[in-house]
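Here is a short briefing on one protein chain. Look over the sequence and the fold, then read the points below.

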Amino acid sequence: MTIPSTFLAGDFETHFKVFHELMSNKVQEILLVASPYDAYILEEDGSLSSKIINEYQGLNLSRPPRITHVSSARDALEALKRQWFDLVITMPHLDDMDTFNLGLEIKKKWKGLPVILLAHNVEGLHPLPKDKDCSGIDQIYIWSGDADLLLAIVKNVEDRLNAPIDTRKAMVRVLLLVDDSPLYRSFFLPLIYKEVVNQTQDVIEETLNEEHRLLKMRARPKILVAENYEEAMAIYGKYKSFIFGVITDTRFPKNGKMTADAGLQLLSNIKREIFDLPLLLMSSESENNKKAERIPAQFIDKNSPHLYAQLDEFFLNFLGFGDFVFRNPDGTEVARASDLRALERLLPSIPPEPLCYHAGRNRFSNWIMARSEISFASKLRQVHVSDFPDVDSLRLFLINSIHSLRKWRQKGVVAQFNPKTFDPELSDFLKIGNGSLGGKARGLAFVSNLLRLSPELFDDFQDTDFLVPSTLVITTEGFDSFVKENKLQGMNKSNLSDKKISERFLQADLSPDLIVKLKAFLSHVNLPLSIRSSSLLEDAHYHPYSGLYKTYIIPNNHPDPDLRLSQLVTAVKLVFASTYFTTPRTFTSSMGYHLRKESMAVIIQQAVGKQHGDYFYPTLSGIAQSQNFYPVNHLSSEDGVVRMAMGFGKIFANGEPGLRFSPKFPKFLPQFSKVDDILVNAQRTFYALKLSDNPDNLYFHRGVNLEKRMVNDAVAESPVRFLCSTYVPEEHRIRDTAHVAGPRIVTFFPLLKHGRVKLAKMLKDLLEIGQKGMGCPVEFEFSMNLSDDPAEKNEFYILQMRPMSAGEEHFDVELSDPDIDKSFCFSEHSLGHGRRQIIQDIVYVRPDTFASEKTLAIAGELSKLNAEFSTSGRPYLLIGPGRWGSFDRWLGIPVKWEDISGIGGIVELRNKLIKADPSHGSHFFQKITALGIPYLTITEGESGFIKWDVLKGLPQITETTFLSHVRTDKPFIMKIDGRTSRCAIYPAD
């Protein structure tokens, strides 16, 4: 018997989303009506407002009310006409009107406004005078100089106002207090409130962040007060499903008469209906103890010198606020748990008798209820011992239920890392410090929350878990203090090389506190780790900084914990250092963000993958995008696009082959249309993390510590079996199996064609969920572990989600035939939208001198020319063959972003010399679209055209060995129709 994920997801929503809606009626404005003398008595030990503020702060409660003082009934009525008050507290001695008459006057005009009488003694008030109409006064309390009473009055008024809504919305519990004496009520109510607030704060687990702790305080039990039997039964009847305890005096009115055993009658009636409800009888007559035992109910003597301690014991042991104490039926203690984590760990070892004893009396649900896990505890209460065939089934149900609850309640929560309570199995997202998470980490936190809000995913794909890797973030506070303490502030303006900057950062010291926390983290985690950037600048919407900063993956498996710590510290420092590297600084300047503060958070994330021999890697990794900017054949841009590869995703950053497909049409694979195409385009290598024989300083100098492996070297490993087909040379045929002889080819056919996992639909649904959540097209990076064991679930991890860069919005344009006829450049595969007329300069790679083996030299020439354009601030149109930014210099010009940062438009030519696919690499592509730069692809002789005679006839400004810089008389016109992906560039009239 298990609890389904949808139930737990719903529970979690009760905890946090619904908590925002609780306590909607707050007492914020109090009108105090008191004579100058009474006001002086109230404030003789200091300001009344200060007292109540201090009480709120002492109990960590929010928004203390403001008190307005008037000295007469007339002034009170006038004040009520001028402004709204949430509560009126009046003292008895008013010069111009009797207090009870004032209450009646207030109720005539402001019917629902609570009016409390605060007296100095009970004389003439208990019992109430029979000749007075007291209906204008809601309750009477006796002031003894204790500011706790003011807090109790305010909170009790709020509880009465909020109980009907909060019990219905979130099943908030109700504690019923019955006492007709203003004196005893004034003594017990503050005591009970303080006990409830303190105990509730104590049991809210430290693994939640401060915001959620405050929200959960809103779900503390409501305390409702009754002064007679009928009123008590009315409250009980209304809130019967939510009552979690009753505290009552013994003697109070019933049927209009003082009844000596009214409390005993009340508890007896309630006990018959709810056998396990905690009950407490209070009396100044000790002989009532035996009568309480017969109910049975707990008993406190009002005259006892240990009254405080006995009340505290009732809250701890019977209302569930203390430790969960396992006892045998004879009362002997077996074990105790202080929190849910300890309870889960104890359950396997608890003997059958005490386990059944507590389960049969709903002790588990009562104890969990006190921890504000209201919905979960209510569901648990409906489960009975008789529902299970044996004790072990009951035990397993409790363990699984509590474990699932603890796991779900953490999802979407960013909590402070606490070395004492850190549980790597349940702590999904933690942070060190109070600074910003940075853009990338904030996106991860959003994804974690998004998955929690999407239980349909878990229902639709029951063979797969959807996860965000366990994450620890060093907030920007860590970076800022590191830079300040090590005097590295000037690095952003230095001319040092990236290597020199790295050396300076490696020589600097992390703070001792950060070192201690990282060491504590590593003491629980010995799986491979990915150390990633989360720049503050990555927060900027539509301004991509992905790929500009460093990422390092470390094996984290050395037997020496100090060496593991040293490797982690090195990785953190190097990510810090990448903030000031040349590439991000150049891009920041081109984006106009040079005035924004540079700061860096660091993500320490458990790497996704499994061990395969001496290597660690995921079955597959990829990037999914809502919009496909390069649709072919029947595909449209709204169908989305996915790029996917076996192993780690470093393959995409390097521009190496991977599979590109639409999740809407996963069987349409143009690059795999023929056997020869498959042999040319299929992935032959992949990236994996080596787990053994690594040097102590790893391979930080070369990047991420990953090694490139040949697919054919991994034929015995499960990912090859899951993803590969086999080429049979004798037949010149691809077989979708790994069980025949021949070279292995990564085709993904077992997933996309034969549906071993519904991966395409999974990606399509996630893109839709992401786009709905972010309100715009999105892209996300993912990795997946496919399970060898059919009994185990596959694991789908989202590593990052961000808005797709859309660039500047432009007005609609249409291309006419005359526009095309007068164009010197026309593309049927272009990115962008609008009409531009800002560029005069054109730089093109000279066709007469171009050679594939000279692409590095071409990149060098272009870098120098680009520097001149950047200095002058003149944008230019760049035209050249192959893939701009290619990591393979045989497929295009291997420029970096800083080499072309001054461009205003870019054209990629496919011709007989280079037929590389367009540059749709995520990082390079994002930069182009972020700046709104028109991006054209032309396949000469097939699609679009470029009129070389026109270009060569323009005035020449500069010519190098491989480049030509020409200029038009005035800015030319560039019209891009994003609806048809066509673009025409022609001279202005």
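A salt bridge here is a side-chain nitrogen of Lys or Arg within 4 Å of a carboxyl oxygen of Asp or Glu. By that criterion, Arg 532, Glu 779, Glu 781 and Arg 802 are linked in a network of salt bridges. The model is predicted. The protein chain has 989 residues, and 58% of them count as buried.

**Overall make-up**

- The protein chain contains 33 helices and 43 strands.
- Among contacts with a separation of 6 or more, 72% join residues 24 or more positions apart.

**Salt bridges**

- How many salt bridges does a search of the whole structure find? The count is 35.
- Side chains of opposite charge can pair when their charged atoms come close.
- Asp 159 sits in helix α6 (residues 147-170) and Arg 220 in the loop between α8 (210-217) and β7 (222-226), so the pair ties together parts 61 residues apart in sequence.
- Are Asp 159 and Arg 220 buried or exposed? Asp 159 is buried because its relative accessibility, 0%, is under the 20% cut-off. Arg 220 is also buried, at 5%.
- Lys 222 bridges to Asp 166, with the closest N and O atoms 3.0 Å apart. This pair links distant parts of the chain, as Lys 222 is in strand β7 and Asp 166 in helix α6, 56 residues apart.
- Lys 222 is buried at 0% relative accessibility. Asp 166 is buried too, with a relative accessible area of 0%.
- Lys 664 and Asp 639 make a further salt bridge, and their closest N and O atoms are 3.6 Å apart. Both ends are in loops: Lys 664 lies between β26 (659-661) and α26 (675-681), and Asp 639 between β24 (620-625) and β25 (641-646). The two residues are 25 residues apart.
- In this pair, Lys 664 is partly exposed, with a relative accessible area of 45%, whereas Asp 639 is buried at 11%.

- Where is Ser 470 placed? Ser 470 is in the loop between β17 (464-467) and β18 (471-474).
- Ser 470 has a relative accessible area of 19%. That value is under 20%, so Ser 470 counts as buried.
- Ser 470 and Glu 425 are 45 residues apart in sequence. Their C-alpha atoms are 8.5 Å apart in space.
- Beyond its neighbours within four places in sequence, Ser 470 contacts Pro 424, Ser 427, Asp 428, Ile 604, Gln 605 and Gln 606.
- Gln 605 belongs to strand β21 (residues 600-606). Gln 605 is buried, with a relative accessible area of 3%.
- Residues up to four places away aside, the contacts of Gln 605 include Pro 469, Ser 470 and Thr 471. Gln 605 also touches Leu 444, Pro 528, Leu 529, Ser 530 and Leu 799.
- Arg 532 is another contact of Gln 605. Arg 532 is also one of the residues in the salt-bridge network.

**Nonpolar cores**

- The largest nonpolar core has 75 residues. Met 644, Phe 780 and Phe 796 have the most contacts inside it.
- Apart from that core lies another, of 44 residues, among them Leu 472, Val 525, Ile 554 and Leu 565.
- Leaving aside neighbours within four places in sequence, Met 644 is in contact with residues including Leu 620, Phe 652, Leu 659, Phe 661, Phe 748, Leu 752, Leu 759 and Phe 782. Ser 621, Gly 622 and Gly 658 are also among the contacts of Met 644.

**An open sheet**

- An open sheet of 4 strands runs in the order β22-β23-β27-β28, with antiparallel pairing.
- Which strands stand at the edges? They are β22 (610-612) and β28 (706-710). Each has a single partner strand, so one side of each is left without a neighbour in the sheet.
- The twist from one strand to the next averages 50°.
- Strands β23 (residues 615-617) and β27 (residues 685-690) pair over 2 bridges in the antiparallel sense.
- Tyr 615 has Lys 690 as its bridge partner in β27.

Terms used: Residues are numbered from 1 along each chain as its sequence is written. This is a predicted model: local features need pLDDT of at least 70, side-chain atom pairs count only at pLDDT 80 or more; totals for chains, interfaces and linings use all residues. Side-chain values use heavy atoms; hydrogens and water are left out. Buried means under 20% relative accessible area, exposed over 50%, partly exposed in between (1.4 Å probe, protein chains only). Contact means heavy atoms within 4.5 Å. A nonpolar core is a set of buried Ala, Val, Leu, Ile, Met, Phe, Trp, Tyr and Cys residues joined through side-chain atoms within 4.5 Å. Two strands pair if DSSP finds at least two bridges between them. Axes are lines fitted to C-alpha atoms, for helices over the stretch in contact, and angles run from 0 to 180 degrees between N-to-C directions.
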